[in-house]
Amino acid sequence: MKTKKRFLRFLIGVLGFSSMMVSCNKEDGDGDIRVMYGVAPAEYKENIHQIDPAATEQPLIVNDEEQSH
Amino acid sequence: MKNKATKIGLRKKIALDLFAKYYQQKVKEHPLDTLFWECTLRCNLACKHCGSDCRKESLFKDMPAEDFLRVIDSLTPHVDPHKVMIVVSGGEPLMRKDLEYVGLELYKRGYPWGMVTNGMALDRARFDSLLRAGLHSITVSLDGFAEQHNAFRGNPQSFDRAWNAIQMISKEEDLVYDVVTCVNQHNFGDLERMKRFLIDGGVKYWRIFTIFPSGRAAEDPTMFLNHEQTVELLEFIKKTREEKEIYLTFACEGFLGGYEAEVRDHFYYCGAGVNVAGIRIDGAISGCTSIRARYDQGNIYKDDFWEVWDKRFEMYRNREWTRKDACKDCKVFKYCLGGGMHLRDENQNMKECLYLTLTEKK
Ligand code: SF4
Ligand code: SF4
């Protein structure tokens with residue numbers, strides 16, 4: 001099934017719609033679909049932000065003023 | 001009226017036919033790669049054009065984090081977590097104080113995660129906290145300059161807060177982001193100026209969508225573009241993409257005829273139930289949180305998520321039921337399959353078709 005998809009994508013690329021062949025962050029990508037209220041899809045990256053495990057123990061800043069009215 | 005939408009050249013037609021076959025393969029595989037979580041319906045704003053039914057105090061309680069994480073744990077053996085993007089949506093996700101906790105748990109399990117926000121509560125401290133929880137991607141809404149944005153959002157500070165948030169995120173290396181704008185009668189005339197403003201402000205990624213009759217927006221006709229404006233909007237997107245100063249794309253709002261692959265990177269398809277799933281505030285398992293009609297396929301409090309994803313979703317994966325009314329004899333049905341699921345109402349009738357607006361067949 002994967003091969004068929006790849007072949008179809010190749011043909012679409014040959015027709016000049018090369019962006020369809022480019023994987024947008026995804027190995028098997030078919031262009032990057034951004035749904036209406038969705039976010040830009042992101043690839044998983046190891047430790048890009050050097051997560052501090054204590055992060056969740058810190059008080060989380062929420063604008064309580066906004067929440068309360 | 002004749003415009004680019006009405007005419008699809010031969011080369012594009014062949015490519016679209018191939019893509020339709022490609023899509024069928026994708027349906028067979030239905031590889032889940034985007035999972036929405038409607039984590040709260042509370043919101044700190046009350047936007048005129050909001051497609052969801054949020055209130056400052058929602059009738060629904062936020063879903064407990066543990067309930068959602070239980071679903072994630074049941075999903076993990078069936079997928080490669082690195083390839084399933086979890087999108088936290090709402091309501092306003094920042095209303096939840098445990099968002100970072102959930103984010104970090106997702107990160108530990110190997111899932112990239114992102115969120116959509118109005119930016120109101122996104123100050124430096126909160127942003128740093130989210131980054132530490134492994135935030136991969138973020139979308140901030142900006143619906144024009146201060147006057148319009150604040151009017152839509154019903155809050156005099158909303159523009160400044162959103163813009164501050166955008167400035168902050170656009171400087172963050174390794175974070176995928178975009179600014180999303182709902183284009184309507186009020187901000188339509190400002191698009192060029194807005195483009196300049198974003199470029200000058202260092203923004204590189206911008207996404208536009210038009211409004212559809214849903215939620216609060218349904219009652220206000222000034223929220224919708226007419227035929228001429230829709231054509232002009234697509235021309236604007238096309239031109240901006242050619243200029244390459246900012247990456248601009250149009251959301252998945254239906255088939256666009258000759259504009260296909262010119263205002264987005266890919267051909268139109270509705271990924272709901274094909275590669276996109278959503279978990280709603282009450283636990284309902286659906287195709288995409290933009291769908292407001294109850295096309296639920298199960299509920300996390302009763303069913304196994306993966307069972308539902310793998311075995312149900314028939315109405316999402318076979319769209320023959322949409323072949324009625326205007327779609328019945330539509331000559332582009334094979335490419336469009338009756339449009340996005342979010343554009344269908346409770347009775348499965350079509351609420352809006354951009355292609356018909358573009359070709360003025362309605
Ligand atoms: S009439 Fe139906 S099939 Fe034709 S473009 Fe509109 S939504 Fe798609
Ligand atoms: S339901 Fe609408 S927003 Fe969701 S994937 Fe389909 S076309 Fe896109």
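Which residues in helix 3 of chain B meet helix 4 of chain B? In this predicted model, Leu99(B), Glu100(B) and Leu104(B) in helix 3 of chain B meet Arg126(B), Ser129(B), Leu130(B) and Arg132(B) in helix 4 of chain B. Sorted by class, the residues of this contact are three nonpolar, one polar and three charged.

Two packed helices are described by the angle between their axes and the distance between the axes. For helix 3 (residues 99–108) and helix 4 (residues 124–132) of chain B, the axes come within 8 Å and cross at roughly 25°. Because angles under 35 degrees count as roughly parallel, helix 3 of chain B is roughly parallel to helix 4 of chain B.

A second pair of helices joins the two chains: helix 1 (residues 2–14) of chain A packs with helix 1 (residues 10–29) of chain B at an angle of about 160°, and their axes are 9 Å apart. These two helices are therefore roughly antiparallel to each other, and helix 1 of chain A passes helix 1 of chain B in a left-handed crossing. Their contact has seven nonpolar, one polar and seven charged residues, including Leu8(A) and Ile12(A) from chain A and Leu18(B) and Phe19(B) from chain B.

In soluble globular proteins, nonpolar side chains tend to be buried together. Here the largest nonpolar core has 119 residues, and Trp206(B), Ile208(B) and Phe305(B) are those with the most contacts inside it. Apart from this core lies another, of seven residues, among them Phe152(B), Phe209(B), Ile211(B) and Met223(B). Beyond its neighbours within four places in sequence, Trp206(B) is in contact with residues including Leu191(B), Met194(B), Phe236(B) and Ile246(B).

Notes. Residues are numbered from 1 along each chain as its sequence is written. Chains are lettered from A and ligands numbered from 1 in the order in which they are written. This is a predicted model: local features need pLDDT of at least 70, side-chain atom pairs count only at pLDDT 80 or more; totals for chains, interfaces and linings use all residues. Side-chain values use heavy atoms; hydrogens and water are left out. A nonpolar core is a set of buried Ala, Val, Leu, Ile, Met, Phe, Trp, Tyr and Cys residues joined through side-chain atoms within 4.5 Å. Buried means under 20% relative accessible area, exposed over 50%, partly exposed in between (1.4 Å probe, protein chains only). Contact means heavy atoms within 4.5 Å. Axes are lines fitted to C-alpha atoms, for helices over the stretch in contact, and angles run from 0 to 180 degrees between N-to-C directions. Helices (H or I, at least four residues) and strands (E, at least two) are DSSP runs, numbered from the N terminus. Angles under 35 degrees count as roughly parallel, over 145 as roughly antiparallel, 65 to 115 as roughly perpendicular and the rest as oblique. A crossing is left-handed if the near helix is turned anticlockwise from the far one by less than a right angle, and right-handed if clockwise. Ala, Val, Leu, Ile, Met, Phe, Trp, Tyr, Cys and Pro count as nonpolar, Asp, Glu, Lys and Arg as charged, and the others, Gly among them, as polar.
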